[in-house]
Amino acid sequence: MPEHFFDLVVRNARVVTAADVFSCDIGIRDGRIAALGTDLPPGARDIDAAGRYVTPGGVDAHCHLDQPHAAPIRMADDFDTGTRSAVCGGTTTVIPFAAQQKGQSLRAAVDDYHRRAGDKAHIDYSFHLIVSDPTPTVLHEELPALIAEGYTSFKIYMTYDDLKLDDGQILDVLEVARQRGAMAMVHAENADCIDWLTQRLEAAGRTAPRFHAHARPMLVEREATHRAISLSQLVDVPILIVHVSGKDAVEQIRWARGLGLKIYAETCPQYLFLTAEDLGTEGEHAYLGAKCVCSPPPRDKSNQDVIWNGLADGLFTVFSSDHAPYRFEGEDGKHPGGEAVAFRHIPNGIPGLETRMPLLWSEGVLAGRLTPQKFVELTATNPAKAYGLHPRKGTIAVGSDADLVIWDERELTLTNSHLHHAVDYTPYEGMQLSAWPAITLARGRVAWDAAGFHASPGRGQFLTCGEPTLAPRRA
Ligand code: URP
Ligand code: ZN
Ligand code: ZN
């Protein structure tokens with residue numbers, strides 16, 4: 001018998017799961033939760049949570065790390081800096097995207113992405129696929145084989161020239177999702193409307209960052225969301241609409257749910273904390289708006305309220321960061337060489353891996369908009385279920401990985417110099433928060449605490465995914 005059965009005991013925890021809040025000790029052995037109970041015997045190490053909330057480590061099921069780009073654009077975060085940043089903000093599992101380029105085999109994209117991950121990750125990770133070229137080989141051979149190997153989710157785009165699929169292609173890949181039990185994620189914006197509007201804005205000289213929002217009004221998201229729902233209904237397969245920004249898309253999703261369709265939805269911090277005004281003003285500082293260019297764009301205050309309501313009432317299934325780590329300064333980012341470029345050329349996406357959990361805990365739970373259980377459901381349990389990682393990930397239960405966040409309730413001012421990503425700004429600079437993780441445990445190891453970040457490159461394991469378990473696939 002070893003001297004200590006537990007490697008670590010977290011004592012006096014106020015444990016939160018998607019279902020309950022209860023007080024107990026958490027006994028950890030070999031990286032997993034081995035016991036939940038009171039008066040557990042001492043571990044090799046004990047941490048006193050002193051009655052503070054302890055939640056499952058976050059599962060960020062939508063983030064982009066080291067995704068290949070045409071030069072000079074480059075993502076600043078790789079699997080080292082991205083997972084470092086994640087764990088310092090309470091996220092212990094990430095699911096970035098192995099993106100197929102048009103003309104590339106899907107298998108080659110996955111192999112390349114494994115090389116990029118290498119032995120850099122500090123926390124566990126899985127891959128979604130991005131299917132941009134659904135050739136017969138992809139549809140009939142590569143995609144089914146990859147799903148069987150544990151790549152059970154893929155994203156499809158209705159916009160972006162280098163990624164978008166037409167409706168027939170979307171139906172083809174949804175059919176594979178249905179046959180093989182995979183989860184399809186959909187980026188729903190109407191590409192032709194965006195092109196048409198962009199051309200007219202450019203012809204009128206309206207190229208500053210704020211016109212990005214004019215090129216992508218809510219109706220282009222509404223139309224594409226409705227079309228994605230219809231395509232999913234035709235094939236009779238669930239889909240998950242990613243990064244929903246406001247009322248128009250929300251109404252479509254509510255309508256579909258009312259019909260009994262399995263339409264899942266994701267939203268992100270930018271739709272709670274930014275508005276189109278953050279895309280800049282007129283005048284000499286207009287270029288700064290590039291920092292908040294993402295798609296769909298942030299809307300207005302009333303739409304932020306719609307998104308909060310959707311988080312509280314179950315419309316949204318998951319809350320992800322959509323971390324897209326482009327630097328502002330430098331040759332490779334949003335303001336290349338200090339030049340203001342037309343909004344069409346600003347890489348879309350903003351950083352948010354490290355801030356996702358503290359923002360929602362502060363402004364959702366501590367501000368009284370969400371219960372602690374709803375927070376856990378949205379940030380950990382449902383993403384783990386949607387992508388086949390539950391119950392290993394996303395909950396606090398005997399047998400689950402010991403991925404835990406002990407929360408510290410304290411006032412702080414968010415500033416980029418405190419963050420651990422490789423991006424040179426945060427869109428949330430100067431925001432007042434009321435909480436940050438005191439300690440993050442990743443498979444039982446302290447990865448973040450008062451002393452800072454404790455690196456362990458290569459300790460993060462690649463996880464294959466099972467079938468989604470949000471709901472039975474068939475009624
Ligand atoms: O603007 C965004 N959302 N960029 C990241 C890529 C994507 O579409 O999710
Ligand atoms: Zn997208
Ligand atoms: Zn994204």
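This is a predicted model: local features need pLDDT of at least 70, side-chain atom pairs count only at pLDDT 80 or more; totals for chains, interfaces and linings use all residues.
Local features are given at pLDDT of at least 70 and side-chain atom pairs only at pLDDT 80 or more, while totals for chains, interfaces and linings use all residues. Residues are numbered from 1 along each chain as its sequence is written, chains are lettered from A and ligands numbered from 1 in the order in which they are written, and side-chain values use heavy atoms, without hydrogens and water.

**The largest pocket**

The largest pocket has a volume of about 1,100 Å³. A pocket here is an open set of points on a 1 Å grid over the protein atoms alone, where a 1.4 Å probe fits, with protein on both sides within 12 Å along at least five of seven lines. Grid points are joined across faces, edges and corners, and the volume is the space filled by probe spheres set on them.

The lining, made of residues with an atom within 4 Å of a point, comprises 39 residues. H69, Y160, D162, P347 and N348 lie nearest the centre of the pocket. By class, the lining holds 17 nonpolar, 14 polar and eight charged residues; Ala, Val, Leu, Ile, Met, Phe, Trp, Tyr, Cys and Pro count as nonpolar, Asp, Glu, Lys and Arg as charged, and the others, Gly among them, as polar.

Elements are DSSP runs numbered from the N terminus: helices are H or I with at least four residues, strands E with at least two. β11 (153-157), α5 (191-203) and α6 (211-215) each supply at least two lining residues, and α5 gives the most, with four.

The table sets out the two helices; the expected span is 1.5 Å times one less than the number of residues.

| Helix | Length | Span, first to last C-alpha | Expected span |
|---|---|---|---|
| α4 | 14 residues | 20 Å | 20 Å |
| α5 | 13 residues | 18 Å | 18 Å |

In α4 (residues 167-180), I170, V173, L174, V176 and A177 are buried. Down the axis of α4 these residues fall within an arc of 150 degrees, so they line one face of the helix. Their cover includes α3 (136-148), β11, β12 (183-187), α7 (218-235) and β13 (239-241).

**Backbone features**

Most residues other than glycine have a negative phi, and most peptide bonds are trans. Y160 has a positive phi near 75 degrees. Y160 sits in the loop between β11 and α4 and is partly exposed, at 22% relative accessibility. D66 also has a positive phi, of about 45 degrees. D66 belongs to the loop between β6 (58-60) and α1 (79-88) and is buried at 17%.

The peptide bond from S295 to P296 is cis, with omega near -10 degrees, and P296 lies in the loop between α9 (270-273) and α10 (301-313). Another cis bond joins H390 and P391, with omega about 10 degrees; P391 is in the loop between α12 (372-386) and β16 (404-413).

Definitions and conventions
Buried means under 20% relative accessible area, exposed over 50%, partly exposed in between (1.4 Å probe, protein chains only). The arc is that of the directions from the helix axis to the C-beta atoms. Contact means heavy atoms within 4.5 Å.
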